[in-house]
Amino acid sequence: MKPAPFTWSAAPTLDAACGTMRAGGRAIAGGQSLGPMLNLRIAQPDRLVSIARISALCGVSETADDVTIGACVTHAQIEDGQAPDIGQDILPRVAANIAYRAVRNRGTIGGSLCHADPAADWVTVLLALGAQALTHAPSGSRIIALDGFFTGAFRTNLTPGEVLHAIRIPRLTPDARFGYYKICRKPGEFAHAMAAVFISKNIARVVIGALGTIPLVLMGAEATPDGVEPAFRSRTTMLDEVTQHMQLTAVKRAFARAAA
Ligand SMILES: Cc1cc2nc3c(=O)[nH]c(=O)nc-3n(C[C@H](O)[C@H](O)[C@H](O)COP(=O)(O)OP(=O)(O)OC[C@H]3O[C@@H](n4cnc5c(N)ncnc54)[C@H](O)[C@@H]3O)c2cc1C
């Protein structure tokens with residue numbers, strides 16, 4: 001199938017992109033999720049605006065406390081260490097296991113979050129790491145904790161004309177432990193089950209993704225090896241037993257990785 005007709009332009013600046021989007025244009029970054037949706041005519045925008053070359057979206061910066069990655073930084077750039085890591089080689093390792101290299105060369109971290117696929121790696125991992133979305137719109141900028149950014153499967157609380165500018169991720173403290181595990185039938189496929197575990201002196205957070213809706217975030221006593229299973233089962237009674245079993249296996253393996 002071919003896409004429905006659309007016009008295409010490349011925005012030179014963030015404000016130009018916001019303007020076109022406010023007038024009804026749809027942003028395209030790497031096109032690795034939107035492209036298939038256009039081809040299947042699931043998405044039929046009249047107007048596409050490429051944001052991939054806007055320099056304000058392609059930068060990275062760091063402070064002693066966090067790392068900020070521009071929305072249009074690609075998975076491959078993160079895999080290759082062209083963005084600073086937050087510690088323990090977490091970001092390059094996650095990036096390297098997204099799809100395959102051709103997809104990673106074009107797909108962006110921001111596109112992944114804005115697409116908000118429940119089975120996307122960055123969605124689960126960055127929720128567990130306590131990241132924030134930095135957005136830009138003519139009306140002003142916003143900083144949104146990621147657990148308030150996703151409103152459902154393939155839905156975020158970005159408003160019309162608002163662009164995801166960058167993602168800010170806290171650095172790991174020396175006491176922090178992180179583990180991530182996903183179950184895929186074949187390497188490079190979207191996960192059938194996934195879990196990320198983040199434990200530090202003050203925070204215990206488990207995020208379970210690939211549930212067909214926004215990931216489940218468990219905190220405190222529910223985010224411990226003993227607490228996670230009853231908490232997960234009580235919130236996912238609609239899931240079949242096989243899926244529950246796979247998800248709990250991913251959780252156990254993520255805990256094991258965090259402990260290693
Ligand atoms: C074969 C294949 C396998 C894949 N496997 C995986 C996988 O295993 N794990 C995984 O996580 N992902 C996977 N993906 C998805 C891939 O990671 C995409 O790169 C990502 O989901 C979208 O990034 P993109 O830059 O291509 O976004 P695009 O496709 O360009 O855009 C996606 C959506 O986000 C919007 N958007 C993009 N950027 C912004 C922005 N800065 N501000 C506002 N809106 C924006 C667009 O309007 C669009 O609605 C796979 C894709 C393919 C084709």
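Domain bounds here come from an automatic or database domain assignment.

**View 1. The chain in three domains.** The protein chain splits into domain 1 (7-50), domain 2 (58-170) and domain 3 (178-259). Between the C-alpha centres of domain 1 and domain 3 there are 33 Å. A word on the model: it is predicted, so local features need pLDDT of at least 70 and side-chain atom pairs count only at pLDDT 80 or more, while totals for chains, interfaces and linings use all residues. Residue numbers start from 1 along each chain as its sequence is written.

**View 2. Helix 1 and what sits over it.** Helices (H or I, at least four residues) and strands (E, at least two) are DSSP runs, numbered from the N terminus. Helix 1 spans residues 14-22, and its A17, C18, T20 and M21 are buried, meaning that 20 or more other C-beta atoms lie within 10 Å of a residue's own; 12 or fewer makes it exposed, anything in between partly exposed, with C-beta atoms placed from the backbone. These four cover an arc of only 165° around the axis, so they end up on the same side of helix 1; the arc is that of the directions from the helix axis to the C-beta atoms. Just past the end of helix 1, G24 has a positive phi of about 110°.

**View 3. Around the ligand.** The ligand has 31 residues around it, and G30, Q32, A99, G107 and G111 come nearest; a residue is near if its C-beta atom, placed from the backbone, lies within 6 Å. Two or more residues each come from strand 2, helix 2 (34-39), helix 5 (101-106), helix 6 (109-115), helix 7 (121-128) and strand 10. Domain 1 and domain 2 each supply at least three residues of the shell. By class, the shell has 17 nonpolar, ten polar and four charged residues. Here Ala, Val, Leu, Ile, Met, Phe, Trp, Tyr, Cys and Pro count as nonpolar, Asp, Glu, Lys and Arg as charged, and the others, Gly among them, as polar.

**View 4. T151 out in the open.** T151 belongs to strand 8 (residues 150-152). T151 counts as exposed because it has 12 C-beta neighbours inside 10 Å. Setting aside neighbours within four places in sequence, T151 is in contact with T156 and N157, contact being C-beta atoms, placed from the backbone, within 7 Å. I214 is 63 residues from T151 in sequence, but their C-alpha atoms are 7.1 Å apart.

View 5. Two strands pair if DSSP finds at least two bridges between them. Strand 12 (residues 193-199) and strand 13 are antiparallel, with six bridges, and I199 stands opposite A204. Four residues separate the two strands of this hairpin. Strand 13 (residues 204-209) also runs antiparallel to strand 14 (residues 216-219), joined by four bridges, with V207 partnering V217. In this hairpin six residues lie between the strands, and A210 in the turn has a positive phi of about 60°. Five of the six residues of strand 13 are buried.

Technical notes:
Two residues are in contact if their C-beta atoms, placed from the backbone, lie within 7 Å.
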